[in-house]
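Welcome! Take a moment to look over the chain and its fold before reading on.

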Amino acid sequence: MREVEIRDDMIRLGQLLKLAGLVEHGAEAKELLEDGQVEVNGAVETRRGKQLVEGDEVLLGGEIVRVVTR
């Protein structure tokens, strides 16, 4: 598991996927989400705008990232 630090109290899922380097651009994130390949806290998530907060965990392609704040 890898931690990804954010500056604010929340971040949208599509932004986190880019920040973590799991996708290169928003269109790629959109495709993966529509295909049901992304999980948030153990549940499939299809909304790119889903708001994530500290402690949330995202799973994509066998890699887990956890949101942490400064």
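This briefing looks at the sheet, the salt bridges and one arginine.

This is a predicted model, in which local features need pLDDT of at least 70, side-chain atom pairs count only at pLDDT 80 or more, and totals for chains, interfaces and linings use all residues. Residues are numbered from 1 along each chain as its sequence is written, and side-chain values use heavy atoms, with hydrogens and water left out.

**The sheet**

- Five strands make up an open sheet with mixed pairing, in the order 1-7-6-3-4.
- Strands here are DSSP runs of E with at least two residues, numbered from the N terminus, and two of them pair if DSSP finds at least two bridges between them.
- Strand 1 (2-6) and strand 4 (43-44) stand at the edges with a single partner strand each, so one side of each has no neighbour in the sheet.
- Further in, strand 3 (residues 38-40) and strand 6 (residues 57-60) run antiparallel to each other and pair over three bridges.
- If you want to find one of these bridges, look at Val38, whose bridge partner in strand 6 is Leu60.
- As background, strands of a sheet pair through backbone hydrogen bonds, either parallel or antiparallel.

**Salt bridges**

- The structure holds four salt bridges (a side-chain nitrogen of Lys or Arg within 4 Å of a carboxyl oxygen of Asp or Glu).
- One of them joins Glu5 and Arg70, with the closest N and O atoms 3.1 Å apart.
- This pair links distant parts of the chain: Glu5 lies in strand 1 and Arg70 in the segment after strand 7 (63-69), 65 residues apart.
- Glu5 is partly exposed at 46% relative accessibility, while Arg70 is exposed at 71% (buried means under 20% relative accessible area, exposed over 50%, and partly exposed in between, with a 1.4 Å probe and protein chains only).
- Glu45 and Arg47 also meet in a salt bridge, at 2.8 Å from N to O.
- Here Glu45 is buried, at 9% relative accessibility, whereas Arg47 is partly exposed at 48%.
- Glu57 and Arg66 form a salt bridge too, their closest N and O atoms being 2.5 Å apart.
- Both residues count as partly exposed, Glu57 at 25% and Arg66 at 27%.

**A look at Arg12**

- You can find Arg12 in strand 2 (residues 10-12), where this residue is partly exposed with a relative accessible area of 37%.
- Leaving out residues up to four places away in sequence, Arg12 touches Arg48, Gly49, Lys50 and Gln51 (contact means heavy atoms within 4.5 Å).
- Gln37 is 25 residues from Arg12 along the chain, and their C-alpha atoms are separated by 17 Å.

Note on methods. Helix = DSSP H or I, 4+ residues; strand = E, 2+ residues; numbered from the N terminus.
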